[in-house]
Amino acid sequence: MKRLTLSLIAATLLTLGIAAQEMFTSKFGNVKDVTSVFISKSLLNMMPDVKSNGMDFASVASKLDNIQILDSESAAAANTLKDGCRRIIDKEGYENLMNVNDNGEHTGIYMKEFAGGKKQYVMISADKSETSVIVLTGRLTLQDIKNVIGQ
């Protein structure tokens with residue numbers, strides 16, 4: 001009985017971790033004027049050249065579980081996306097890795113670790129009229145992230 005109880009607890013925690021990893025596209029995918037893209041591990045493995053928003057994901061594709069991309073198409077959607085992502089980041093305890101504020105544009109990179117060595121990196125770029133969010137989930141290192149963003 002004890003083993004069954006521990007198995008159920010472990011399965012529940014794993015399920016919660018998986019749900020949290022996909023929270024961004026499920027939360028903002030149906031917001032008016034927000035474009036949402038979810039790319040699964042299976043599709044990543046089939047694509048020889050993975051690029052988005054000037055970032056090259058080919059070097060880390062084998063380490064990724066998924067990529068989520070959200071982009072606003074109006075100022076109202078930009079604010080909804082920016083504020084909502086910041087609430088998730090604060091509530092879920094993401095570590096702040098980098099923040100840059102430059103002439104009204106904010107760029108931030110945040111990270112959260114999950115069970116099994118998986119990490120989720122959230123990159124947000126926002127100004128008054130546009131917000132873009134890229135979420136990478138997998139077994140990535142900070143060096144992998146630097147390689148993706150070209151630094």
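This is a predicted model: local features need pLDDT of at least 70, side-chain atom pairs count only at pLDDT 80 or more; totals for chains, interfaces and linings use all residues.

Six strands form an open sheet in the order E1-E4-E8-E7-E6-E5, and their pairing is antiparallel. Strand E1 (34-40) and strand E5 (95-102) stand at the edges, and because each has a single partner strand, one side of each is left without a neighbour in the sheet. On average, neighbouring strands of this sheet are turned by 10° against each other, with direction ignored. Within the sheet, strands E4 and E8 are joined in the antiparallel sense over seven bridges, and Leu 70 stands opposite Val 133 in E8.

**The helix on the sheet**

Helix H5 packs on the sheet, where it touches E5, E6, E7 and E8, and its direction makes about 35° with that of E7.

| Element | Residues |
|---|---|
| Strand E4 | residues 64-72 |
| Strand E8 | residues 131-138 |
| Strand E6 | residues 105-113 |
| Strand E7 | residues 119-126 |
| Helix H5 | residues 142-149 |

**Helix H4**

Helix H4 (residues 75-91) has 17 residues and reaches 24 Å from its first C-alpha to its last, which is close to the 24 Å expected at 1.5 Å a residue. Which residues of H4 are buried? They are Ala 77, Ala 78, Leu 81, Lys 82, Gly 84, Cys 85, Ile 88 and Ile 89, and what covers them includes helix H2 (23-28) together with E1, E4, E6, E7 and E8. Just after H4, Gly 93 takes a positive phi of about 75°.

Terms used. Residues are numbered from 1 along each chain as its sequence is written. Side-chain values use heavy atoms; hydrogens and water are left out. Two strands pair if DSSP finds at least two bridges between them. Helices (H or I, at least four residues) and strands (E, at least two) are DSSP runs, numbered from the N terminus. Axes are lines fitted to C-alpha atoms, for helices over the stretch in contact, and angles run from 0 to 180 degrees between N-to-C directions. Contact means heavy atoms within 4.5 Å. The expected span of a helix is 1.5 Å times one less than its number of residues. Buried means under 20% relative accessible area, exposed over 50%, partly exposed in between (1.4 Å probe, protein chains only).
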